[in-house]
Amino acid sequence: QVQLVDSGGGLVQAGGSLRLSCAASIGTVSNYNMGWFRQAPGKEREFVASITRRGGATSYADSVKGRFTISRNNAKNSVWLQMDSLKPEDTAVYYCAADSRWFPGLVPSYWGQGTQVTVSS
């Protein structure tokens, strides 16, 4: 079992950058594939990015490819999402997620509490 804490959200202008962090307050992230999802107002939660246990492979939603980068450091028990060239449509609550199975394609078992990202035009 793992308990995740998200942070790093905020208000940024279009074209700007933010770096989201996800740390495990209980358990260790090295046991899990990790990723990020987001949910905009009035929309369903959607997959953003994921990374394998040792960081050897990543997956991105088409809408963020080339702009967002997921990374992890198991020694620091943490995962990050670097978001560059942000657009107003990136505005959402972002959630860190973990599962022993690879995703996307399933609903992860563990979730952070979410962090708000707002991109102004």
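In the protein chain, residues 24 or more positions apart account for 57% of the contacts with a separation of 6 or more, a contact being heavy atoms within 4.5 Å. The structure is a predicted model, in which local features need pLDDT of at least 70 and side-chain atom pairs count only at pLDDT 80 or more, while totals for chains, interfaces and linings use all residues. Residues are numbered from 1 along each chain as its sequence is written, and side-chain values use heavy atoms, with hydrogens and water left out.

The protein chain contains eleven strands and zero helices, and its elements from the N terminus on run β-β-β-β-β-β-β-β-β-β-β. Both kinds of element are DSSP runs numbered from the N terminus, helices being H or I of at least four residues and strands E of at least two. Along the principal axes, the C-alpha atoms fill a box of roughly 40 × 25 × 25 Å.

Of the 121 residues, 44% count as buried (under 20% relative accessible area, with exposed over 50% and partly exposed in between; 1.4 Å probe, protein chains only). The protein chain exposes about 6,000 Å², of which carbon and sulfur atoms supply 47%; the areas come from the Shrake-Rupley method with a 1.4 Å probe, and for residues only the protein chains shown count as cover. There are 12 positive and 8 negative side chains, and the centres of the two sets lie 8 Å apart. Lys and Arg count as positive and Asp and Glu as negative, without His and the chain ends, and each charge is placed at NZ of Lys, CZ of Arg, CG of Asp or CD of Glu.

One disulfide is present, the term denoting a pair of cysteine sulfur atoms within 2.5 Å. The bond joins C22 to C96, with an S to S distance of 2.0 Å. Distant parts of the chain are linked by this pair, since C22 is in strand β3 (residues 18-26) and C96 in strand β9 (residues 92-99), 74 residues apart. The link of C22 and C96 is left-handed, with -75 degrees about the S-S bond. Both C22 and C96 are buried.

Most residues other than glycine have a negative phi, and most peptide bonds are trans. A cis peptide bond joins F103 and P104, with omega of about 25 degrees; P104 is placed in the loop between β9 and β10 (110-111). N77, in the loop between β7 (68-73) and β8 (78-83), has a positive phi near 55 degrees. The relative accessible area of N77 is 17%, and the residue is buried. S85 also has a positive phi, of about 50 degrees, and is found in the loop between β8 and β9. S85 counts as partly exposed, at 41% relative accessibility.

Y32 lies in the loop between β3 and β4 (33-39) and counts as buried at 8% relative accessibility. Apart from its neighbours within four places in sequence, Y32 is in contact with Q1, V2, R53, R72, A98, D99, S100 and Y110. The C-alpha atoms of Y32 and Y110 are separated by 9.8 Å, with the two residues 78 apart along the chain.
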